[in-house]
Structures are given as structure tokens and as C-alpha cells.
Amino acid sequence: MVTASAKAHRSAPVPKVRQTQLLIDGKWVDAKSGKTFATYNPATETKIADVAEGDAADIERAVKAARKAFESGDWPKLDARDRGRLLHRLADLVEQNLEELAGLETLDNGKPIRDARAADLPLVIDCLRYYAGWADKLHGDTIPIRGNHFCYTRREPVGVAGQIIPWNFPLLMAAWKWGPALAAGCTVVMKPAEQTPLTCLRLGELAIEAGFPKGVINLVPGYGPTAGAALVRHPDVDKIAFTGEYRTAQIIMTEAAPTLKRLTFELGGKSPNIIFADCDLDAAVAGTEFGLFFNQGQCCCAGSRVFVEEKIHEAFVEKLVKRARARRLGDPFDSNTTQGPQVDQAQFDKILSYIDKGVGEGAQCLTGGKRWGKRGFFIEPTVFDGVTDSMSIAQEEIFGPVLSILPFRKTEEVIERANRTTYGLAAAVWTRDVAKAHQVAHSVRAGTVWINCYDVFDAAAPFGGFKMSGIGRELGEAGLANYTELKTVTMKLS
Ligand code: NAI
Ligand code: MG
């Protein structure tokens, strides 16, 4: 719990909030309505700051600025290599301000400072540098067509990109979306999540310091049904990139239909984590703990269905429960803390209601299952055993520190059960049998499969979902393709 004595042992300073306004056309401004909304520290449930609340009127201004910056001024004239240099400069500034940004992420989101420092920030920097390198490598082809013609393709920026991001990795989601958009030469209007707007705004300040021309990056914090929906409907926005819940994606798809926007979605999951008896048991247990409890279980790719081969079920469960109980909950600014609070009251309530459902449907709660402490949205690391495929905790995304163990016997059986979900984001398999590992990897309908590891992310490796886990991919060359339009040019040669 966050107590006075815990405060005395804080290993990281709480940073000052420097920016709470909207970024439109290179200027920091209030919302047209003058409205603000509060953002809270989920570890203490106290207000951190009031942030300008953008809505349709502000989206209108931001899209206008982004459209203008896309079509005229410095940005379209910039050589591709210089776009890359700006992204490199931004990455350098993030690196120079790593401690402050990590602290701000911890303050607004609740994630342990050790994770913000060791995972979020390094991944942000890597992503920006990776896409900086792509800016001048967007080549077309020359194509031999019939007749005496010269035919070639160009990859042109898709235009104004509307980007709507969630609260679980606020800075990282901004980097995943800015990196490819800016490398390709698009301009951006981003709506950060209402729970966690602060790091995105600070990143906006750093982008201006890096030298991005006005209007290239516009930031409009606010709520989904107001600011988010206005961005989706706006006829001058060419593409929407969204990360969040599939139900929101369904609304976005409907609202984007009249303007036929390009859409990329990175949605949730109910990812199977398959443990065979011939695995390295300790590695599998550690990877399973990490694969579910990392980031308080608030990961789209969380390994929330843990299929364990019956032969090792008992040994696996014993070791896993021990590790779950050893997790250190507490002040996220304490560098020994490994689990912070959930992001807000709504997520906290949703997770506890799933725990109740699990118990109600007959799963065995081996550890956890309750609120931790009296203040802050902390939930004990929770492990359910004896979970069956049809229980709601095995079907629906919980997005919290709740792990389900489902025993299995045969490879064919576990593949079939792993695929029995509407999701298809990620999967993992633990085995020393190379052939079996790849058989499972090829049979599971998921966008990412990890073998003998979990949550290994890299800016160069595409990420995204099959089925209701998404459309399109982020990261890698695939992530860049979504920010370009392919143009074919044909010239008669005689
Ligand atoms: P959400 O999908 O409602 O929110 C994500 C973003 O979309 C936020 O910026 C939000 O303001 C915006 N948004 C909401 N409604 C919108 C609309 N009508 N038009 C345009 N933008 C809109 O997710 P929420 O409510 O924060 O979390 C609910 C559940 O979604 C979680 O419990 C979790 O299961 C899942 N989720 C999945 C994430 C992932 O990484 N795939 C991230 C966040 C949530
Ligand atoms: Mg929502």
C-alpha cells in the first residue's frame, strides 16, 4: 500500500506536469469550449491535473491544420531523409528526458517505474529510430508491362492520419503510430486516451523542440464519443489508426463508412499460452507469469488462457502460484514494485466482476481474488485453476491480473481449443520439441506466436490480429505500408 513510510523510500521523483493544453497548428491552446477534464493517479485515486477537453470544434481546427501542413508549407517539401532526421532528433530528446517521461507515465497510468524505464521508454526510442531509418527507403518498383511503356510505382503518404490510442501503453502507442505516419510523410491528429493524456502531450512538446513543422503533429485529448468520433467522421481525415476494444472498432468502422477511410485496428485478445510437458518448466512458469501479469494484465496480447498438459499440471500450478504470490504490489514509484494499480475505477470494477463470475461458474481460485490495500485500484494477482472453455473468464477479455489454467492432453486437442475464440492476436507455445513448436505455431490462428518466450516485441517485427483482434499490422515494414498509397505511373515511350 502507498503509505508515508513507502513514500520515504521512493526511488524515483514524481515529475511536474508541464503541459495540459491541446496542440494545434504548432500552438498550445485551450479547448474552444473552455472545458477541461481531470486525470487521476490510479495509485492514490487523487487528481493529478486538469487537461483541456477537446471536442468536435477542436478536431475541426486540428484537421484543418493537419490538412494544410500535408498539402503546403515545409513538410511536403522536406526531403525524405530529413523527415528521418526529425524522427531521430525526437528519439534523442526522448532518451535525454527518459526519467521524466517514465515518471510521468507511472504517475498517470500507475505502471511500476521499473517497467516504464526498462520496457516502455526503450521501446518508444527504438520504434522512433527504426522508422526514422525507413523514411528515405520507401521505394516503388519499375514494372515491365506490355507494349513500349515505362511503368513505375510510387509510395505516397496516405494523407492526414487520425490516430486514437488507449491508456495501457500511452507513450508506446503514440510512438507506434507517429513513427510510420511521419516516416511516410503523413500528418497526424492524435486523440490520446482520456485516462492517460499526459505523456502524449509531453511528447508533443519534444516534437516541437525536435523541429517538426507546425500542423504536422496535432494533439486533441478528450473523450471517445466526442473528440474521437469527430475525428472518425471528418471528411478531411484519410485514415484512422485505432487501438482499443473491438466494440469501439465496430463503432468506428460504421462511422468511417460514409467517407470510406482507410482503417487499421489493433484490438484485444484472449491469447492461448500452451505449456507442453516437455518444456523447460521453470522458464515456462516465469514466462507465463510475465505473459499475463506484466502491466497489471492490461495487455492486448496477455496470455490469459494458459493450457497446461495434464502430466505436469500439478508441478506447474504449484510453481506458478508461488510466483504470483511473490509479486510486489505497492507504490509504483518504488523501483522494487512489480505490480501497480489498474488504470481506473471502471477497469477495477470490470476485473472484480470477472473474478466473481469465475468463482460463480465453478473455477477454483488458487490465489488472489480481491482488492489489495484500501487506496488505489490494486487487485491481487489472481490464478484460477480448473477453468473450462465455456466459462466467461476463458472467453472474454478481462484486461487485469487474472490468469486461467485449462488442462489438456493432446496436441490436436489443444490447437482446436486454442482456436475456439473470436480473437486471434497472439499465442505462445512452450516445448523442447522443435517440430511440435512449429506445428502449433502454424496451426494457431493468431498474428503473433512466441515459442519458448512471451511478449518479445521489436520495432521491426509486425504485430496485429487475426479475426476480431484487428485489421492490418503495426511495426515493421507492414506497419509502414498502411500509411502509404501506391500510385502507378505509366508513360508511352514512342
Ligand atoms: P476503448 O476502446 O473504449 O478506448 C480506446 C480509445 O478509443 C480511447 O482513446 C477512447 O477515448 C477512444 N474511443 C472510445 N469510444 C470511441 C468512439 N466512439 N469513437 C472514437 N474513439 C473512441 O477502450 P476502454 O473503454 O478504455 O477499455 C475497455 C476495454 O477495452 C478494456 O477493458 C480492454 O478489455 C479493452 N482494451 C484493449 C486495449 C488494447 O490494447 N487492445 C487497450 C484498451 C482497452
Ligand atoms: Mg470504452
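The paragraphs below go through a sheet, a surface patch, a ligand site and several salt bridges of one protein model.

The model is predicted: local features need pLDDT of at least 70 and side-chain atom pairs count only at pLDDT 80 or more, while totals for chains, interfaces and linings use all residues. Residues are numbered from 1 along each chain as its sequence is written, chains are lettered from A and ligands numbered from 1 in the order in which they are written, and side-chain values use heavy atoms, with hydrogens and water left out.

We begin with the sheet. Three strands form an open sheet in the order β5-β6-β20, and their pairing is antiparallel. Its edge strands are β5 (142-143) and β20, each of which pairs on one side only. Strands here are DSSP runs of E with at least two residues, and helices are runs of H or I with at least four, numbered from the N terminus. Two strands count as paired if DSSP finds at least two bridges between them. Between β5 and β6 (residues 149-157) there are two bridges, in the antiparallel sense. T142 has Y152 in β6 as its bridge partner.

Next comes the surface. F150, M491 and L493 make a nonpolar patch of about 270 Å². Such a patch is made of residues with over 30% relative accessible area and no salt bridge; nonpolar side chains (Val, Leu, Ile, Met, Phe, Trp, Tyr) are joined within 5 Å, and like charges within 9 Å. Areas come from the Shrake-Rupley method with a 1.4 Å probe, and for residues only the protein chains shown count as cover. L493 lies in the segment after β20 (484-492). L493 counts as partly exposed because its relative accessibility is 45%; buried means under 20%, exposed over 50%, and partly exposed in between (1.4 Å probe, protein chains only).

The ligand is the next stop. Ligand 1 is surrounded by 27 residues, and the closest are W167, E194, Q347, K350 and E397; a residue is near a molecule if one of its heavy atoms lies within 4 Å of it. A polar side-chain atom of K350 is 2.5 Å from an oxygen atom of the ligand. Taken alone, ligand 1 exposes 810 Å², of which the protein buries 91%. The backbone also takes part: an N or O atom of G224 lies 3.3 Å from a ligand oxygen, and one of G244 lies 3.4 Å from a ligand nitrogen.

Last are the charged pairs. Side chains of opposite charge can pair when their charged atoms come close. The structure holds 34 salt bridges, each a side-chain nitrogen of Lys or Arg within 4 Å of a carboxyl oxygen of Asp or Glu. One of them joins E474 and K177, at 2.8 Å from N to O. This pair links distant parts of the chain, 297 residues apart: E474 is in the loop between β19 (470-471) and α17 (476-481), and K177 is in helix α7 (residues 170-184). E474 counts as buried because its relative accessibility is 10%, and K177 is buried because its value is 0%.

E194, named above among the residues closest to the ligand, forms a salt bridge with K191 at 3.5 Å, N to O. E194 is partly exposed at 26% relative accessibility, whereas K191 is buried at 2%. In a further salt bridge, the closest N and O atoms of E380 and K370 are 3.6 Å apart. Salt bridges that share partners also join D389, E413, E416, R417 and R420 into one network.

Notes
A polar contact is a pair of N or O atoms within 3.5 Å; within protein, one must be able to donate a hydrogen and the other to accept it, and residues adjacent in sequence count only if both atoms are side-chain atoms.
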